[in-house]
Amino acid sequence: MKKIKAILCFAVENAKKSLSSKDNCKIITDDEDILGEDMDGKPIYVDIDISRDDINKIIIPIVDETVEKTNEVIKKAGIDKKDIKEIIFIGGPTKYYPLREMVSQKIG
């Protein structure tokens, strides 16, 4: 099970990186990465088309919640948004360029 998870995490990470610069990609495993067998004993492979739009549908609600909380903190701190010179993103998903773009535009 750990091997399957590691293979899938690697494939998904590569897809995420690819979607930072492309509109579409595939989450795919190589022939030697057979993940197991289905109930009929046939090998299971992963071959999934995914688009930036698919990812955006998942992250937009999270971005909106983050922006809402950030705006609340800015307001409570009595800071004007014009005084914010940069936003520092931390963590792996924040390397996804469309996420950075959305947050920056929504915070203003």
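The chain has a radius of gyration of 19 Å, whereas a compact globule of 108 residues would have one near 13 Å. The radius is taken over C-alpha atoms, and the globule rule is 2.2 Å times the number of residues to the power 0.38. Along its principal axes, the C-alpha trace spans about 65 × 25 × 20 Å.

This is a predicted model, in which local features need pLDDT of at least 70 and side-chain atom pairs count only at pLDDT 80 or more, while totals for chains, interfaces and linings use all residues. Residues are numbered from 1 along each chain as its sequence is written, and side-chain values use heavy atoms, with hydrogens and water left out.

**Chain totals**

The secondary structure consists of three helices and two strands, in the order α-β-β-α-α from the N terminus. Helices (H or I, at least four residues) and strands (E, at least two) are DSSP runs, numbered from the N terminus. Of the 108 residues, 25% count as buried; buried means under 20% relative accessible area, exposed over 50%, and partly exposed in between (1.4 Å probe, protein chains only). The accessible surface comes to about 8,400 Å², and carbon and sulfur atoms hold 57% of it. These areas come from the Shrake-Rupley method with a 1.4 Å probe, and for residues only the protein chains shown count as cover.

Among contacts (heavy atoms within 4.5 Å) with a separation of 6 or more, 51% are between residues 24 or more positions apart. There are 19 positive and 21 negative side chains, and the centres of the two sets lie 7 Å apart. Lys and Arg count as positive and Asp and Glu as negative, with His and the chain ends not counted; the place of a charge is NZ of Lys, CZ of Arg, CG of Asp or CD of Glu.

**The strand pair and its loops**

Strands S1 (residues 24-28) and S2 (residues 47-51) pair in the antiparallel sense over five bridges; pairing requires that DSSP finds at least two bridges between two strands. Asn24 stands opposite Ser51 in S2. In a regular strand the side chains alternate between the two faces of the sheet.

Asp23 lies in the loop between helix H1 (2-19) and S1. Leaving out residues up to four places away in sequence, Asp23 touches Ile50, Ser51 and Arg52. Thr29 is in the loop between S1 and S2. With neighbours within four places set aside, Thr29 is in contact with Ile7, Leu8, Leu35, Tyr45 and Val46. Thr29 counts as buried because its relative accessible area is 7%, and Asp23 counts as exposed because its value is 52%.

Asn56 sits in helix H2 (residues 52-77). Asn56 is classed as buried because its relative accessibility is 14%. Outside the four places on either side in sequence, Asn56 is in contact with Tyr96, Pro98 and Met102. Gly78 lies in the loop between H2 and helix H3 (97-107), and is classed as exposed because its relative accessible area is 63%.

**C-alpha separations**

| Pair | Apart in sequence | C-alpha to C-alpha |
|---|---|---|
| Thr29 and Lys3 | 26 residues | 12 Å |
| Asp23 and Thr94 | 71 residues | 17 Å |
| Gly78 and Ser20 | 58 residues | 34 Å |
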